[in-house]
Amino acid sequence: MKALVKEKADVGLWLKDVPEPELGISDVLIKVKRAAICGTDMHIYNWDDWAQNTIPVPMVVGHEFVGEIVKVGSNVIDFHPGQIVSGEGHVVCSRCRNCMAGHRHLCAHASGIGVNWPGAFAEYVALPMSNVWEHRPGIDLDVASLFDPLGNAVHTALQWDLLGEDVLITGAGPIGSMAAAVCRHAGARHVVITDVVPERLETAKKLGATRTVDVRNQNLKDVQAELGMIEGFDVGLEMSGNSSALNDLIENMCHGGKVSILGIQTKGAEINWETVIFNMLTIKGIYGREMYATWYKMSVMVENGLDISPVITHRLPYQEFQEGFDLMNAGEASKVVLNWEA
Ligand code: NAD
Ligand code: ZN
């Protein structure tokens, strides 16, 4: 089969013929229809320090996808060929304390599909049946390919009560923009989102952000005053990975505000702990998605009108993957979806 492979320890990915994945008795074989490029794939493509320390080569990469089941292992009874599915990107151990308690997203020994488990930038991917999520009939395939990053957005946003609340999102990347859509769908009043790239703020607006803020020339305190807000944001979602954005967020929360942090901060990033303490903020780190509470919420929200499709800026046949990675590196794309049926 064709697959995008990190073939050697160097910048780039290579389209190769590789053997089809082997199917274990509890696994499901999926013919990939669409796969999307994620920030993680960019780290792997660019072969940065994290990738060099994490990715064994050769490795088939990619983990955001949708496809059709074509074969199941002998132990699998509740999936069958023909079902349209995506895969949870974290394969958990099933044996640690949290897995045993049913808190699989807190597994102490998770592997990552397309990181250290053969990935989905390929014609076929094999996954344990416990990693498979069946989509509702009629779902748009491009949207279905985004359930992994949409799951990050949903997991981060739905930590807190959103109905009627004022939400601040820092970082209008694909995940921040999708989080804006989720917050509006969940009934937030103001959904204010920040970035330093005008195109990214435009995308966030299309997804439902009620006010976009370019922090290079606008100040969040002024925006609060303009919106008639008095006591600060009720909910804050950090989705930039930038410490200056995190500080903006902390300084603009109301007393007792709730903050979830998805954006991966640089080592040594500082915040003003006095503000956290005296304003009694609650801060929670977020990783991945809840299996499968987050997936259920995604499916029903999409079924019930949540539209994240404006986050897709480019659609390409997989043979043109290089253009997709170049667009991502140039900062010109939000979500690039590769068509593996072409
Ligand atoms: P992204 O890098 O595409 O988006 C980040 C955005 O933040 C960019 O648009 C950038 O211009 C903006 N930004 C930079 N400086 C800023 C500032 N000072 N103020 C406001 N915005 C600023 O990333 P993404 O794919 O949307 O993911 C969002 C973050 O979440 C990233 O840090 C990513 O590494 C992280 N992430 C975490 C998990 C997890 O499980 N914890 C999973 C996926 C992604
Ligand atoms: Zn575990």
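P58 lies in the loop between helix 2 (49-54) and strand 4 (59-60) of this predicted model. Helices (H or I, at least four residues) and strands (E, at least two) are DSSP runs, numbered from the N terminus. The peptide bond from V57 to P58 is cis, with omega near -5°. Y292 belongs to the loop between strand 16 (282-285) and helix 11 (293-303). W47 falls in the loop between helix 1 (39-46) and helix 2. Its phi is positive, near 55°, in a residue other than glycine. Most residues other than glycine have a negative phi, and most peptide bonds are trans.

Residues are numbered from 1 along each chain as its sequence is written, and chains are lettered from A and ligands numbered from 1 in the order in which they are written. Local features need pLDDT of at least 70, side-chain atom pairs count only at pLDDT 80 or more, and totals for chains, interfaces and linings use all residues, while side-chain values use heavy atoms, with hydrogens and water left out.

The chain contains 12 helices and 18 strands. Its C-alpha trace spans about 60 × 40 × 40 Å along the principal axes. The radius of gyration, taken over C-alpha atoms, is 20 Å. This agrees with the value near 20 Å for a compact globule of 342 residues; the globule rule is 2.2 Å times the number of residues to the power 0.38.

Ligand 1 is surrounded by 23 residues (a heavy atom within 4 Å). The closest are I175, D195, R200, I286 and G288. The shell divides into 11 nonpolar, 10 polar and two charged residues. Here Gly counts as polar, and Asp, Glu, Lys and Arg count as charged.

Taken alone, ligand 1 exposes 850 Å² (Shrake-Rupley method, 1.4 Å probe), and the protein buries 79% of that. Helix 6 (174-185), strand 12 (191-195) and helix 9 (243-251) are the elements that give two or more residues to the shell.
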